[in-house]
Structure formats: C-alpha cells, structure tokens
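Visitor: Hey, could you walk me through this one? I'm new to this.
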Amino acid sequence: QVQLVESGGGLVQAGGSLRLSCAASGLPLSMYAMGWFRQAPGKERECVAAASKSGSSTYYADSVKGRFTISRNNAKNTVYLQMNSLKPEDTAVYYCAGRFVGSDSRYYTDEGTYAYWGQGTQVTVSS
C-alpha cells in the first residue's frame with residue numbers, strides 16, 4: 001500500500017533553513033504528482049508547493065515563493081521541500097501528499113484531489 005512519511009521538521013530560528021523529506025513507498029513516484037501542505041494553528045490547510053510527476057512543473061504559494069523549493073528524486077522515491085529564510089509565520093505542521101496522475105503532467109494544489117498523505121512533521125520557527 002502507498003505510504004508517505006515526512007521527516008526533517010524541527011525548531012529553527014527565523015532566517016534559518018530546513019529541509020523536509022517525504023519518503024514514499026508502495027507506489028511508482030514517477031506517476032504521482034506531489035505536494036506540500038501546511039496547517040498553522042487556527043488556520044486552514046494550504047498548499048505551499050506542488051510538483052508535477054517529473055518535477056518539471058512546480059507551484060509555490062505567494063507566501064513562500066522565492067524561499068521554498070520543492071524537488072523530487074523519483075529514483076529514490078523521495079520528495080523534498082527546501083525551506084530558506086524561514087519566518088515565524090512558517091510555523092505549521094507540514095504534510096506531504098501524493099496524487100496518482102499516470103500520464104498527466106500537471107501539478108495540483110487542491111488538497112481534495114490528493115488521495116495519499118503523510119502523517120505530518122512539525123516546523124517551528126522562533127523569532
């Protein structure tokens with residue numbers, strides 16, 4: 001069965017960097033669009049980054065554009081989220097999500113379109 005496991009979260013000071021990893025198993029990652037979502041206290045879950053199955057097409061929320069980078073290594077069945085210049089408002093639980101797309105080369109930002117989710121990893125940015 002498909003399983004996604006996030007890692008790399010933790011406590012970091014504002015301005016610092018963190019890299020999240022999402023290890024996928026039970027699926028050919030090359031056929032899945034992937035996304036990173038986050039949910040901050042008292043706020044709705046939002047898509048912060050998404051990538052097409054090859055990683056050639058990506059999306060970033062305005063709030064993280066220029067600071068976050070989504071990348072993937074399909075051979076390693078791993079997706080990454082590099083987070084630089086972190087801000088306190090980036091504090092949230094970050095989730096990795098996957099959507100089977102087959103030959104569809106688009107990325108997706110609607111959480112409702114993703115069938116597979118990781119357990120989440122906490123990122124806390126101190127001021």
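Visitor: How many bridges join β4 to β9?
Guide: Eight, and the two strands run antiparallel. Strands here are DSSP runs of E, at least two residues, numbered from the N terminus, and two of them pair if DSSP finds at least two bridges between them. Keep in mind that this is a predicted model: local features need pLDDT of at least 70 and side-chain atom pairs count only at pLDDT 80 or more, while totals for chains, interfaces and linings use all residues. Residues are numbered from 1 along each chain as its sequence is written, and side-chain values use heavy atoms, leaving out hydrogens and water.

Visitor: What stands opposite Phe-100 of β9?
Guide: That's Tyr-32.

Visitor: And how does β4 connect with β5?
Guide: Five bridges join them, again antiparallel. Arg-38 has Glu-46 in β5 as its bridge partner. The two strands form a hairpin with six residues between them, and Gly-42 in the turn has a positive phi of about 75 degrees.

Visitor: New topic. Which residues touch the most others in the largest nonpolar core?
Guide: Met-34, Trp-36, Ile-70, Leu-81, Met-83 and Tyr-94, out of 30 residues in that core. A nonpolar core is a set of buried Ala, Val, Leu, Ile, Met, Phe, Trp, Tyr and Cys residues joined through side-chain atoms within 4.5 Å. β3 gives the most, with four residues.

Visitor: Where's the other core?
Guide: It lies apart from that one and has eight residues, among them Ala-97, Val-101, Tyr-108 and Tyr-114.

Visitor: How many aromatic pairs are there?
Guide: Seven. Rings of Phe, Tyr and Trp (its six-membered ring) pair if their centres lie within 6.5 Å; planes under 30 degrees apart are stacked, over 60 edge-to-face, the rest tilted. Tyr-95 and Trp-117 are edge-to-face, 6.5 Å centre to centre with 75 degrees between the planes. Tyr-95 lies in β9 and Trp-117 in β10, so the pair ties together parts 22 residues apart in sequence.

Visitor: Why does Tyr-95 count as buried?
Guide: Because its relative accessibility is 15%. Trp-117, at 27%, counts as partly exposed.

Visitor: What lies over the face of Tyr-95?
Guide: Arg-45, at 4.3 Å from the ring centre. The rule is that NZ of Lys or CZ of Arg is within 6 Å of the ring centre and within 35 degrees of the ring normal.

Note on methods. Buried means under 20% relative accessible area, exposed over 50%, partly exposed in between (1.4 Å probe, protein chains only).
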